[in-house]
Amino acid sequence: MKRFVLLNVPGKASAATNPAGRPIVRCETPDVTTEMAIGGADVRDNLAFLPLELRDADDSTGVSVHDVSMGLVREGGQWRLLSLGLLLLDLPSLEVEWDSAEADANESTALENLKKLSEAVEAYRRTYFRLPESIANLGPAAEDGFR
């Protein structure tokens with residue numbers, strides 16, 4: 001349970017069912033109590049996907065809810081967690097993180113480019129005592145030395 005809900009210390013586990021009859025596993029530590037609600041399995045041949053809803057047990061607003069799909073594989077008639085060799089990723093959650101990271105990188109690049117442009121405009125103003133008529137005027141001087 002510690003690995004699923006990323007607790008810093010092991011906790012005391014207990015189980016219950018929700019009003020729909022689905023299992024809920026709780027883990028209590030001195031700092032936090034977490035719940036893992038297990039949904040109905042989506043079985044496809046020898047693979048099964050269990051939807052899990054992880055949350056802080058004290059969260060009544062749903063702010064801390066994380067939806068994850070846990071993958072199982074049937075081997076020798078028994079269900080087992082997918083091995084590390086066949087890594088199961090929660091792609092919808094990762095897509096949000098990747099998009100956010102890409103947006104942050106794009107924003108940083110845009111800010112750096114705007115700063116360089118601002119510095120070029122200021123250098124032009126100091127040199128020619130006026131603002132450039134065009135961004136093209138900020139480029140290297142023509143071969144004859146004039147803009």
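Predicted model: local features only at pLDDT ≥ 70, side-chain atom pairs only at ≥ 80, totals over all residues.

Colleague: Okay, and where do Arg125 and Glu122 both lie?

Modeller: Both are in helix α2, three residues apart, which is about one turn of the helix.

Colleague: Are they buried, partly exposed or exposed? Start with Arg125.

Modeller: Arg125 has a relative accessibility of 36%, so it counts as partly exposed. Glu122 is at 29%, so it is also classed as partly exposed.

Colleague: Which residues are linked with them in a network of salt bridges?

Modeller: The network links Glu122, Arg125 and Arg126. As a general point, side chains of opposite charge can pair when their charged atoms come close.

Colleague: How many salt bridges does a search of the whole structure find?

Modeller: Six. One of the salt bridges joins the side chains of Arg44 and Asp42, at 2.7 Å from N to O. Asp42 is partly exposed, because its relative accessibility is 33%.

Colleague: How far apart in space are Glu75 and Asn46?

Modeller: They are 7.8 Å apart, C-alpha to C-alpha, while in sequence they are 29 residues apart.

Colleague: Let me zoom out. What does the secondary structure of the chain come to?

Modeller: Two helices and seven strands. Going along the sequence, the pattern reads α-β-β-β-β-β-β-β-α.

Colleague: How much of the chain is made up of buried residues?

Modeller: Out of 147 residues, 17% are buried. The accessible surface of the chain is about 11200 Å², and 55% of that belongs to carbon and sulfur atoms.

Colleague: And what about contacts between residues at least 6 apart in sequence, how many of those join residues at least 24 apart?

Modeller: That share is 19%.

Colleague: Switching to the inside: which residues are in the largest nonpolar core?

Modeller: There are eight: Met36, Ile38, Ala48, Leu50, Leu52, Leu54, Met70 and Leu72. The elements giving two or more residues to this core are β3 (33-38), β5 (47-56) and β6.

Colleague: Which element gives the most?

Modeller: That's β5, with four residues. In general, nonpolar side chains tend to be buried together in soluble globular proteins.

Colleague: Pick one of the core residues. What does Ile38 touch?

Modeller: Leaving out residues up to four places away in sequence, Ile38 touches Arg22, Pro23, Val25, Leu50, Pro51 and Leu52. Leu50 and Leu52 are also members of the core.

Colleague: I also clicked on Thr33. Which strand does it lie in?

Modeller: Strand β3. Thr33 counts as buried because its relative accessible area is 14%, and the cut-off for buried is under 20%.

Colleague: What's around Thr33, then?

Modeller: Again not counting residues up to four places away in sequence, Thr33 touches Arg26, Cys27, Glu28, Arg55, Asp56, Ala57 and Asp58.

Colleague: Last topic, backbone angles. What's phi of Asp45?

Modeller: It is near 55°, a positive value in a residue other than glycine. For context, most residues other than glycine have a negative phi.

Colleague: Where does Asp45 lie, and is it buried or exposed?

Modeller: Asp45 is in the loop between β4 (42-44) and β5. Its relative accessibility is 70%, so Asp45 counts as exposed.

Colleague: What about phi of Phe129?

Modeller: Phe129 has a positive phi as well, near 60°, and is not a glycine either. You'll find Phe129 in the segment after α2 (91-128).

Colleague: Is Phe129 buried or exposed?

Modeller: Exposed, because its relative accessibility is 75%.

Colleague: Great, thanks. I'll go and look around myself now.

Notes. Residues numbered from 1 in each chain as written. Heavy atoms only, no water. Core = buried A, V, L, I, M, F, W, Y, C linked by side-chain atoms within 4.5 Å. Buried < 20%, exposed > 50% of the residue type's maximum accessible area, 1.4 Å probe, protein only. Contact = heavy atoms within 4.5 Å. Areas by Shrake-Rupley, 256 points an atom, 1.4 Å probe, with all protein chains shown as cover. Salt bridge = Lys/Arg side-chain N within 4 Å of Asp/Glu carboxyl O.
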